[in-house]
Amino acid sequence: MQTYAHAPQLNESYVNYVWETLPRHVRPTLLLPSPTLSAQLGCEITIASETFQHTGSFKFRAAYNLLASVPQQHIVAASSGNFGQAVAYACRLLGKTCMVVMPNTSAQVKVVAVQSYGGQVDLIDVRAISRAERVQQLLKEHPDAFAAPAYDDYRVVAGNSTLGKDILSTHNFDVIVVPVGGGGLSSGLIIARDHLQASTEIVGAEPLPGNDAARSLRSGQLIRNEHEPATIADGARTLSLGQLNWEILRQGIRDIIEVPDETTVEALRRYFIYANLKVEPTGALALGAVISQPERFRDKRICCVVSGGNVDPAVYAQVLVEA
């Protein structure tokens with residue numbers, strides 16, 4: 001396996017350990033062929049859906065693997081929702097407590113979910129203070145707490161790599177298309193692909209209004225958004241890729257496709273109508289990428305990763321009614 005300057009611990013031995021220990025705590029991803037979407041888009045599409053994962057997204061894989069490895073009993077995290085839910089539920093299972101910093105624009109369903117799992121929610125106006133700044137304030141108030149990174153950590157990436165193992169150990173795809181926000185999930189898939197010595201291309205799908213990862217890949221250096229992106233894909237409202245994630249992506253990702261919000265919405269509708277699947281906007285990015293560039297995927301075996309299904313009912317209903 002490739003070695004990484006920002007995480008020398010992310011080696012073959014550690015990945016093997018995570019693959020042996022984490023699966024007993026997570027649900028395997030649902031792999032769902034879609035003949036209808038395949039016929040529409042001219043390729044063979046299989047959906048890898050994490051909507052039925054604990055807490056409704058892939059984030060539980062990362063959160064549990066991370067928090068089970070640290071001794072601290074109180075956890076502080078920042079999240080737009082899915083990582084916060086995963087942290088709260090993992091803390092409940094591990095007998096820990098947590099506080100989750102969330103933007104006051106977060107989907108209400110995600111705020112309520114964090115609270116339902118026993119987590120405390122700290123809502124902030126990101127125009128006045130960033131999530132990272134608020135986390136630092138809370139760490140000063142709770143010096144014994146552990147600040148849980150949502151994506152820029154080798155334990156997070158290794159936890160997410162178990163999704164790649166689920167996909168690649170049983171199927172031979174030409175391309176896996178995966179949503180990109182902070183890069184934790186796409187990095188995990190690259191690690192799994194390389195660990196299994198598969199030839200599958202990994203292609204990222206990023207919201208056009210927050211295309212820092214695509215711009216970084218084109219320029220060859222890590223680029224940050226000036227502000228949290230105003231995109232319907234709330235799980236991808238990140239300022240930049242993590243340092244470790246960028247190191248992995250620049251070596252292992254084939255391409256990153258920028259998906260307009262209206263195309264993300266169209267993908268969400270198609271999942272509902274043609275796959276009977278409730279998907280959150282960020283989770284629809286991969287199919288949105290295929291819709292955006294159908295010729296890029298023509299006649300290939302494609303796996304579209306649905307990262308989660310935690311969408312605000314009012315937003316979801318509005319999107320479907322507008323169709």
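**Loops, phi values and a pocket**

Author: Asn276 sits in the loop between helix H11 (261-275) and helix H12 (285-292); helices (H or I, at least four residues) and strands (E, at least two) are DSSP runs, numbered from the N terminus. This is a predicted model, in which local features need pLDDT of at least 70, side-chain atom pairs count only at pLDDT 80 or more, and totals for chains, interfaces and linings use all residues. Residues are numbered from 1 along each chain as its sequence is written, and side-chain values use heavy atoms, with hydrogens and water left out.

Reader: Why does Asn276 count as exposed?

Author: Exposed means over 50% relative accessible area, buried under 20%, and partly exposed in between (1.4 Å probe, protein chains only). Asn276 has 70% relative accessibility, so Asn276 counts as exposed.

Reader: What is the phi of Thr55, and what is the phi of Asn276?

Author: Thr55 has a positive phi of about 65 degrees, although Thr55 is not a glycine. Asn276, also a residue other than glycine, has a positive phi near 55 degrees. Most residues other than glycine have a negative phi.

Reader: How are the residues of the lining of the second largest pocket divided?

Author: Five are nonpolar, four polar and one charged. Ala, Val, Leu, Ile, Met, Phe, Trp, Tyr, Cys and Pro count as nonpolar, Asp, Glu, Lys and Arg as charged, and the others, Gly among them, as polar.
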